[in-house]
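Let's walk through this model piece by piece, with the cut-offs spelled out as we go. Have your viewer ready.

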Amino acid sequence: MRAAIVPSRQQQPERLRQSGLAERVFRIRESGILVVLVVFVAVTTGVQHRFLDVSNIQFVLVDTASFALLALGETMVVISRNVDLSVGSVVGLSAYLSASLFASHPGLPIPVVFLAGLGIGLACGIANGIMVAAGRVPSLVVTLATLYIIRGIDILVVGGNEVDANQLPNAFLDIPKDTVGGIPDIAIAVAVIIAAGAYYLRTYRSGRDLYAIGSNPDAARLAGLPVGRRVFTAFAVSGAIAGVAGVLWSAQYGTINSTAGTGYELQVVSAVVVGGVAIFGGSGSVTGAAIGALLLTTISSALYVLGISSFWDQAIWGLLLLVAIALDQTLTERLTSALRKRRTRHE
Amino acid sequence: MEVAGNEPPAQPEAAGAAPVLELRHAAKSFGAVRALIDGSVDLRAGEVHALLGENGAGKSTLVKILAGVHQPDSGTLKVNGADVTLPGPAAAKAAGIAVIYQEPTLFPDLTVAENMFVGRQPHRSASWIKGGRRIDRRAMLREAAAVFKRLGVPLDPARIARGLSIADQQVVEIGKALSLDARVIVMDEPTAALSAAEVERLFEVIRTLKSQGAAVLFISHRLEEVFAICQTVTVMRDGSHVLTSDLAGLTANDLVRAMVGRELAERPPHAAAVTTGEPVLIVERLTREGVFTDISLTVRSGEIVALAGLVGSGRSEVARAVFGIDRYDAGQVAVNGKQLKKASPTSAMAAGIGFVPEDRRQQGLVMDMSVQQNVALASLHDLEKGGLIRASAERAMASDWAARLKIKYGRLTDPVSMLSGGNQQKVVLAKWLGRKPSLLIVDEPTRGIDVGTKAEVHNLLAELAGSGVGILMISSELPEVLGVSDRILVMREGTLVAEFSHAVASEEAVMSAAMGQHDPVSEAVKHDERNDTQNGASR
C-alpha cells in the first residue's frame with residue numbers, strides 16, 4: 001500500500017477560502033456592471049446636471065422596464081445554451097394586435113388585452129420551443145427563421161396601416177406614466193417579476209435544470225433531466241414575456257406600425273451578455289441581465305442628454321459587448337486556474 | 001486457448017448470495033455492426049467484479065446497456081431477482097445502477113453538491129406552490145458533506161465543479177451514486193486518467209463501497225489493478241462472454257490468453273524479404289508532457305513499423321506530433337535527415353510525410369466534396385496554373401489513382417460520402433500517394449472496413465513498402481499488427497515498452513507488453529532484438 005493520502009489532503013480553513021473565492025467571482029460579475037453604471041451616471045451628471053432630474057430618471061426606468069422584462073425571458077433561454085432571436089418580431093406583432101384590439105373593441109378591459117398579448121407571444125414561443133426541443137434544430141437557426149416569419153406575418157396583418165394614440169384608451173396610455181412615490185408603476189411591476197424570476201431560477205429544480213443543461217447538455221441527458229421539456233418551457237416563457245412586452249410597447253409609444261420592435265432582439269441579447277450571462281449557457285443571473293438592460297438604456301439616455309450623436313450609442317453598446325465577453329472569458333479562465341491550484345495535492 | 005467454456009457465468013462457489021444484478025445473453029447491433037453478441041455478467045453485493053476484454057470486445061456497449069443509454073436487442077436483465085428493462089438513464093438510476101465513466105460528465109458551472117443532486121435536489125417540505133420544488137440548499141450541502149465523509153474524502157461541496165481533477169470528478173460521481181443509494185456501481189476504466197496515488201485513493205473508496213455492500217463492476221486494462229481490487233472476473237472477446245471465474249487461482253497470463261483467444265495460426269500475408277534502406281524517419285526523445293515521454297524510433301525506407309498498444313497509450317498522439325498537428329515539449333523529428341519544424345503539418349508535408357488519420361470522416365476527408373477533389377486536396381500546388389486549379393489535371397490525377405488503387409465509385413464528381421468505408425479509405429490513401437511521400441503514417445488504416453477491402457489495403461501497404469516508402473502504422477488489431485509489419489513497437493502509458501521483430505512477435509507477447517505484464521517470453525525477445533535501432537525498450 002502506498003502512503004495514506006486521504007485524511008491529510010485538505011484542511012478546514014482552505015475549504016472556506018475556496019467557497020469564498022467562487023462566490024466572490026460570481027458577485028464580481030454582477031457588481032462589475034453595477035460599478036460601470038454608477039461611474040457612468042456620476043460622470044454624466046458631472047457634465048450635465050439635468051441627467052439626474054426626476055423626469056429623466058423616470059424616463060430611463062420606463063424604457064428599461066420592458067427591456068429588462070425581455071432580458072428575463074432571454075436569460076432563461078441563453079442559460080440553457082440557446083438563443084431566442086425572435087423576440088423583436090414577437091414584440092412587434094403583439095404590439096400591433098393588442099393595439100388594434102383596442103381600436104376595434106374600445107371598451108375592452110386592459111387586463112384582457114395583456115392576456116391577449118401574452119397568448120400571442122406564448123404561441124410564438126411554443127412554436128420556437130417545439131422546433132428546438134422536439135425537432136432538435138439549433139435555436140439560432142429556428143429563431144432566426146421565426147424572426148423573419150413572425151415579422152412577415154406582422155407586415156401581412158398590418159399592411160400600410162398603423163394604430164395611433166387617439167385610438168387607444170387613455171387609461172392604457174397612462175400605464176407608463178403612472179407612478180407610486182415617483183417610481184413608475186411598470187418599473188415596480190417589472191422589478192417584482194424579475195425578482196420572482198431570479199428566485200425561481202435559483203431555488204426551483206426546473207430552474208436549476210436550465211443551468212445544468214446549459215453547462216453540459218450531454219451530462220444533462222445522462223443525468224436523466226427532461227432536457228427537451230425544460231428548453232421548450234424556456235422558449236415558451238420567453239415568447240410569452242415578449243408578448244407582454246409588446247403590449248407595454250404599444251402603451252408606451254401609442255403609434256404602432258409594422259416596424260415596431262425591429263432589431264430589438266439584438267439589444268436584448270446584448271443586455272443579457274453585458275449583464276454577465278455566459279453566451280454559451282450555464283451561468284449568469286436574471287438580476288445581472290436586468291442591470292445590463294438598465295446600463296444600456298442609461299447610456300442611450302446619457303448620450304441624448306449630453307447631445308452626442310446617437311451613432312456613438314451603438315458604437316458604445318458594441319464596445320461594452322466586447323468588454324463583457326472578454327471579461328467573461330478572463331474571469332472563467334482565472335477562476336478555473338485558481339480552483340485548480342487550490343486542489344493541487346502534495347504527494 | 002480454452003481457459004473456460006462458453007457457458008454463461010456459473011455461480012462462483014465463494015459467493016453464496018443471489019446476484020444483485022444479472023445480465024444474460026444481451027445483444028446489441030448498430031446497423032450492420034454487432035457490437036455485443038452475447039454479453040452476460042453477474043454482480044453480487046460486497047464484491048468487486050472485473051470486466052476484461054480487448055478494445056472492441058463489447059465492454060463499453062455492455063456498460064451502456066447497464067446505464068440505460070443503449071437498449072439491448074435481446075437478452076434479459078434482472079436486478080434483485082426481478083426482470084427490469086431500462087429505457088433510459090433515469091430508469092437505470094431508479095433501478096439502483098450508477099455508472100462512472102472514464103471521463104466523468106459533470107456540470108462545470110454548478111457546485112459539487114448540486115452536481116450530485118441534480119434533478120433530485122432535496123426540497124423544502126412546506127411549499128406554497130403545489131408541486132413546487134424549492135431546493136433546500138442547506139440540506140443539499142449537508143447531505144453532500146455527509147456522503148464525502150462516508151467516503152473518507154474531504155471535498156468541499158460548495159465549490160463549483162470547474163477545475164476539479166479527473167480523480168475528484170470521479171469522487172463526485174461516486175458520491176452521487178452513494179447518495180442515490182445505488183446498489184450497483186459500474187466503473188468504466190476509472191483509472192485510465194489517474195496517477196498512481198489517485199488510483200490508490202480510488203481503491204480506498206472502492207473498498208469502502210464494497211464493505212458497505214455495494215456490487216461494483218470494475219473495468220480496467222491494467223491487470224495489476226484487477227488483481228489488487230477485484231474478487232471475480234468476466235472476460236469478453238469479440239462481443240461475447242468468454243469466461244467468468246473467481247480471480248483467485250488465475251494468473252495474468254490466463255487472463256491475457258482468454259482476452260486474445262482467437263486462432264493464432266492465421267496471419268495476414270506478409271510481404272517477405274523486404275530490403276530496408278536508409279532511415280526515412282528518425283524520432284529522438286520526443287516528449288509531450290502528460291501524454292508521451294521520451295519516444296525514440298526509426299522507420300527505414302521500405303519498412304513497415306507498427307505502433308501497437310491500447311487505446312489511450314499515446315500511439316496516435318505520437319503520430320500527430322510527428323506530423324506536426326500537435327506540439328511537443330522536447331525531442332526532435334527528422335525526415336530524410338532533415339529536422340522538422342515543430343507543430344507544422346506544412347513542413348511535415350514538404351519533407352515528404354503523408355498522414356492517414358484515424359478518423360476518416362472527420363479528419364481524412366471532406367465528406368461533401370467530390371472524389372476527385374478529395375484525391376487532389378493534398379496536391380493542389382502541383383495542379384494549379386496561375387493560381388487556378390485545372391479541373392482537367394485534377395480529374396486526370398484522380399482517375400489515375402482510382403484505377404491504381406481499384407477504387408469503386410460512380411463518378412469522380414460524386415461526393416466522397418457516397419463511397420463505402422473501404423473505398424473512402426482508399427481515397428485518403430490516394431490523396432497522400434499523389435504526393436509521392438517518403439514516409440506514410442497510417443492510423444487505424446482498416447477500421448470499419450470490410451474484410452475484402454482490408455486485405456487490399458494490407459497488400460497496398462506492402463506494395464508501397466516494396467517501392468521504398470517507409471510506413472508507420474498504428475493499429476489496435478493485433479492480427480493486422482502482426483501480419484503487416486516488419487517491426488512492432490509497443491506503447492504503454494505514453495512510453496515505448498517493447499519491440500518485436502515480425503519473426504518473433506505473438507499476440508500474447510504484444511498484448512502482455514501493452515498491458516504491462518512482465519511476460520517472460522517478451523522479455524526474452526526484447527534482449528534478442530536486432531540492434532539496428534537505438535529505440536530500445538525502456539521499462
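Chain B has an open sheet of six strands, in the order 16-19-20-13-21-22, with mixed pairing. Strands here are DSSP runs of E, at least two residues long, and helices are runs of H or I with at least four, both numbered from the N terminus; two strands pair if DSSP finds at least two bridges between them. At the edges sit strand 16 (353-356) and strand 22 (495-501) of chain B, each of which pairs on one side only. From one strand to the next, the twist averages 20°.

Before going further, some housekeeping. This is a predicted model, where local features need pLDDT of at least 70 and side-chain atom pairs count only at pLDDT 80 or more, while totals for chains, interfaces and linings use all residues. Residues are numbered from 1 along each chain as its sequence is written, and chains are lettered from A and ligands numbered from 1 in the order in which they are written.

Back in the sheet, take strand 13 (residues 304-308) and strand 21 (residues 487-492) of chain B: they pair in the parallel sense over four bridges. Leu307(B), for one, has Leu489(B) in strand 21 of chain B as its bridge partner.

Zooming out, chain B holds 19 helices and 22 strands. Of its 539 residues, 51% are buried (20 or more other C-beta atoms within 10 Å of the residue's own, with C-beta atoms placed from the backbone).

An assignment that is automatic or from a database divides chain B into domain 1 (21-106 + 164-260), domain 2 (265-352 + 437-539) and domain 3 (366-435). Where do domains 2 and 3 of chain B meet? There, 10 residues of domain 2 are in contact with eight residues of domain 3, contact being C-beta atoms, placed from the backbone, within 7 Å. On the domain 2 side, helix 16 (residues 451-466) of chain B gives the largest share, four residues.

Now hop over to chain A, where helix 8 (residues 205-215) and helix 10 (residues 227-253) pack at about 105°, their axes 10 Å apart. Axes are lines fitted to C-alpha atoms over the stretch in contact, and angles run from 0 to 180 degrees between N-to-C directions. Helix 8 of chain A brings Ser206(A), Asp209(A), Leu210(A) and Ile213(A) to the contact, and helix 10 of chain A brings Val227(A), Arg230(A), Val231(A) and Ala234(A).

Conventions. A residue is buried if 20 or more other C-beta atoms lie within 10 Å of its own, exposed if 12 or fewer, and partly exposed in between; C-beta atoms are placed from the backbone. Two residues are in contact if their C-beta atoms, placed from the backbone, lie within 7 Å.
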